[in-house]
Amino acid sequence: MNVVLFYLLIKPLSYVPLPVMHRLSDALSWLLFRVFGFRKKVIMGNLERSFPEKSAEEIDRTAREYYRHLCDLVVEAVRCFSIPEAEIKRRGIIANPEVLDPFFEKQQPVILCAGHYNNWEMTATAMPMYIKHRVVGLYKPLKDQFFNQKITVSRSRFGMDMVSIRKTREFFEADHGVSIILFATDQAPSNPNRAYWTEFLNQDTAVLFGTEAYARKYNYPVVFGYIDKVKRGYYEIRFKVISEDPASLPAGAISEAHTRLLEEEIRQKPEYWLWSHRRWKHTRPEGWKLETKSATN
């Protein structure tokens, strides 16, 4: 069934120009919000707890804008199965690739952390066209092997290498060249007892500790990626160095830094984060310390 769905619907749609696909997105977002109420309870609850200062009207407006953005992500992901190289390079720009040049000149691998904000997929897929480092994306494999293979191939079309999170340790232990390794830092950890706990968007939040753990163990410089929507279908990523020497920082400093930077990004334009994700499904274990530090400069 998935094979039929892909070759009879998804693949043909991937050749449709994005301006036309965005019209489809408009219709789909209306259906999801007004008719089906897709994950509406999760989305509204996340927004209300994150922005208690906002009125009901403001929360409702942000939710509507989020549904539109979510549907844009869907049609843009479909387009990426067949998007030409020149087009994706225009749509996923890196504003300041020179930030990474000093690390490349020293043959230093880099850890890039970012959230599921704006179109992280498109900017990551286009990244090899802009930087000198080998681009490596860590991903969680889908249960459906057919779609997992198709999506992995799509993400790799322009030079990004994909590594399953199940093989992260093996990747770091091997010779992986002068790589920039992409970590998504805003997913809910599977084990709250092994997470870093802090306040994020007014809530106790468990933060994945892998980014910091690998950065400190191998002393790889850590960079944060701000992702901005320039206009519909066009995105720009801007790099900010968190630390050039993470091994010298106290435990928790890297996790606190990238969490604060992501929070800053979300507060500016909240409609572009992934609100349909059950981010706060864990509660802080009793006696677990809650950190509220400032981002590392």
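**Entry 1: terms and model**

I count a residue as buried under 20% relative accessible area, as exposed over 50% and as partly exposed in between, with a 1.4 Å probe and protein chains only. The model is predicted, and I therefore note that local features need pLDDT of at least 70 and side-chain atom pairs count only at pLDDT 80 or more, whereas totals for chains, interfaces and linings use all residues. Residues are numbered from 1 along each chain as its sequence is written, and side-chain values use heavy atoms, with hydrogens and water left out.

**Entry 2: the chain as a whole**

I looked up the secondary structure and found 11 helices and 9 strands in the protein chain; these are DSSP runs numbered from the N terminus, helices being H or I with at least four residues and strands being E with at least two. The radius of gyration is 19 Å, close to the 19 Å that the globule rule gives for 297 residues, so the chain is as compact as a globular protein of that length. The radius is taken over C-alpha atoms, and the rule is 2.2 Å times the number of residues to the power 0.38. I also noted that the C-alpha atoms fill a box of roughly 50 × 45 × 35 Å along the principal axes, and that 51% of the 297 residues count as buried. For contacts (heavy atoms within 4.5 Å), I read that residues 24 or more positions apart account for 81% of those with a separation of 6 or more.

**Entry 3: salt bridges**

I searched the whole structure and found 15 salt bridges, each being a side-chain nitrogen of Lys or Arg within 4 Å of a carboxyl oxygen of Asp or Glu. I looked up Asp101 and Lys132, which form one of them with their closest N and O atoms 3.8 Å apart. Asp101 lies in helix H6 (residues 101–105) and Lys132 in the loop between helix H7 (120–126) and strand S3 (134–139), so this pair ties together parts that are 31 residues apart in sequence. Asp101 is partly exposed, with 22% relative accessibility.

I then turned to Asp228 and Lys269, whose salt bridge has its closest N and O atoms 3.6 Å apart. Because Asp228 belongs to strand S8 (residues 222–231) and Lys269 to the segment after helix H11 (253–268), the pair ties together parts that are 41 residues apart in sequence. Asp228 is partly exposed at 33% relative accessibility, and Lys269 is partly exposed at 34%.

Within H11, I noted Arg260 and Glu263, which form a salt bridge with the closest N and O atoms 3.2 Å apart; being 3 residues apart in that helix, they are separated by about one helical turn. Both of these residues are buried. I also recorded that Asp26, Arg68, Asp72, Lys229 and Arg232 are linked in a network of salt bridges.

**Entry 4: cavity and pocket**

I worked with a 1 Å grid over the protein atoms alone, on which a cavity is a set of points where a 1.4 Å probe fits but cannot get out, a pocket is an open set with protein on both sides within 12 Å along at least five of seven lines, and lining residues have an atom within 4 Å of a point. Grid points are joined across faces, edges and corners, and a volume is the space filled by probe spheres set on the points.

My search of the whole structure gave 1 cavity of 30 Å³ or more, and I noted a volume of about 50 Å³ for the largest cavity. Its lining includes Thr185, Asp186, His258 and Arg279, and its largest share, 3 residues, comes from H11. By class, I read 3 nonpolar, 4 polar and 2 charged residues in this lining, where Ala, Val, Leu, Ile, Met, Phe, Trp, Tyr, Cys and Pro count as nonpolar, Asp, Glu, Lys and Arg as charged, and the others, Gly among them, as polar.

The second largest pocket has a volume of about 180 Å³. I found Asp228 and Lys269 among its lining residues, which also include Tyr117, Glu236 and Arg238. The elements that give two or more residues to this lining are S8, strand S9 (234–243) and H11; the residues divide into 3 nonpolar, 1 polar and 6 charged.

**Entry 5: single residues**

I looked up Ser179, which lies in strand S5 (residues 179–184) and is buried with a relative accessible area of 0%. Not counting residues up to four places away in sequence, Ser179 touches Pro109, Val110, His133, Arg134, Val136 and Phe171.

Gln107 is in the loop between H6 and strand S2 (110–114) and is partly exposed at 48% relative accessibility. Leu201 has a phi of about 55° and sits in the loop between strand S6 (196–200) and S7, but this leucine is buried at 0% relative accessible area.
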